[in-house]
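Good morning, colleagues. Please turn to the sequence and the structure on the screen, and I shall take you through one part of them.

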Amino acid sequence: MHSSKPSVSWVLAARDPHKLANFYAGLLQTEAQTGLADHHWIVPLPSGGSLQIYTPSRHRPWPASGAVLAPCLQRVTCHNPLEDLRCWRAEVLAMGGSSPEEPRQESFGAECWLTDPEGQRFLLLVTQAKEPTEEAM
């Protein structure tokens with residue numbers, strides 16, 4: 001697997017992600033940015049990182065109340081995002097995480113929800129690099 005090192009952000013499910021992104025951007029005195037799709041917005045955090053606000057796929061159940069905020073670990077790859085995600089998921093499972101679902105390809109990259117050893121949900125996301133990175137060469 002030739003992916004970048006993971007970065008961490010927070011993902012927040014929302015019925016109106018644009019409106020909620022503007023709300024948090026106002027609170028944090030930053031500017032909401034368009035994300036990977038029309039239902040995805042990014043709010044830069046003043047201390048670094050970001051809050052990613054999205055509407056979940058209609059093909060998945062809405063997150064339970066109290067479970068709409070979760071960490072997102074993200075990598076960028078110059079290769080096949082789904083294959084890289086499968087390898088990364090295997091590493092997480094070997095470390096004690098669990099996964100109620102298989103990784104899946106989406107229009108913006110590959111994603112998979114997992115749980116940590118204490119049962120807390122988190123998202124792994126692998127997106128395609130626009131240009132080759134030095135690490136992948």
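**The core and helix 2**

In this predicted model, the largest nonpolar core has ten residues in all: Leu 82, Leu 85, Trp 88, Val 92, Ala 110, Cys 112, Leu 114, Phe 122, Leu 124 and Val 126. At least two residues of this core come from each of helix 2, strand 7 and strand 8. Helix 2 supplies the largest share, four residues. As general background, nonpolar side chains in soluble globular proteins tend to be buried together.

Leaving aside residues up to four places away in sequence, Leu 124 touches Leu 73, Leu 85, Trp 88, Arg 89, Val 92, Ala 110, Glu 111, Cys 112 and Leu 114.

I turn now to the helix itself. Helix 2 runs over residues 81-94, and at 1.5 Å a residue its 14 residues should span 20 Å; the end C-alpha atoms are 20 Å apart, so the two values agree.

Which residues of helix 2 are buried? They are Pro 81, Leu 82, Asp 84, Leu 85, Trp 88, Arg 89 and Val 92. These residues cover an arc of only 150 degrees around the axis, and therefore lie on the same side of helix 2. Their packing partners are strand 5 (69-77), strand 6 (104-106), strand 7 (109-115) and strand 8 (121-128).

Finally, the two ends. The N-terminal end of helix 2 is capped by Asn 80, with a side-chain oxygen 2.8 Å from the backbone nitrogen of Leu 82. Just after helix 2, Gly 96 adopts a positive phi of about 110 degrees.

Key. Residues are numbered from 1 along each chain as its sequence is written. This is a predicted model: local features need pLDDT of at least 70, side-chain atom pairs count only at pLDDT 80 or more; totals for chains, interfaces and linings use all residues. Side-chain values use heavy atoms; hydrogens and water are left out. The expected span of a helix is 1.5 Å times one less than its number of residues. Buried means under 20% relative accessible area, exposed over 50%, partly exposed in between (1.4 Å probe, protein chains only). The arc is that of the directions from the helix axis to the C-beta atoms. Contact means heavy atoms within 4.5 Å. A polar contact is a pair of N or O atoms within 3.5 Å; within protein, one must be able to donate a hydrogen and the other to accept it, and residues adjacent in sequence count only if both atoms are side-chain atoms. A nonpolar core is a set of buried Ala, Val, Leu, Ile, Met, Phe, Trp, Tyr and Cys residues joined through side-chain atoms within 4.5 Å.
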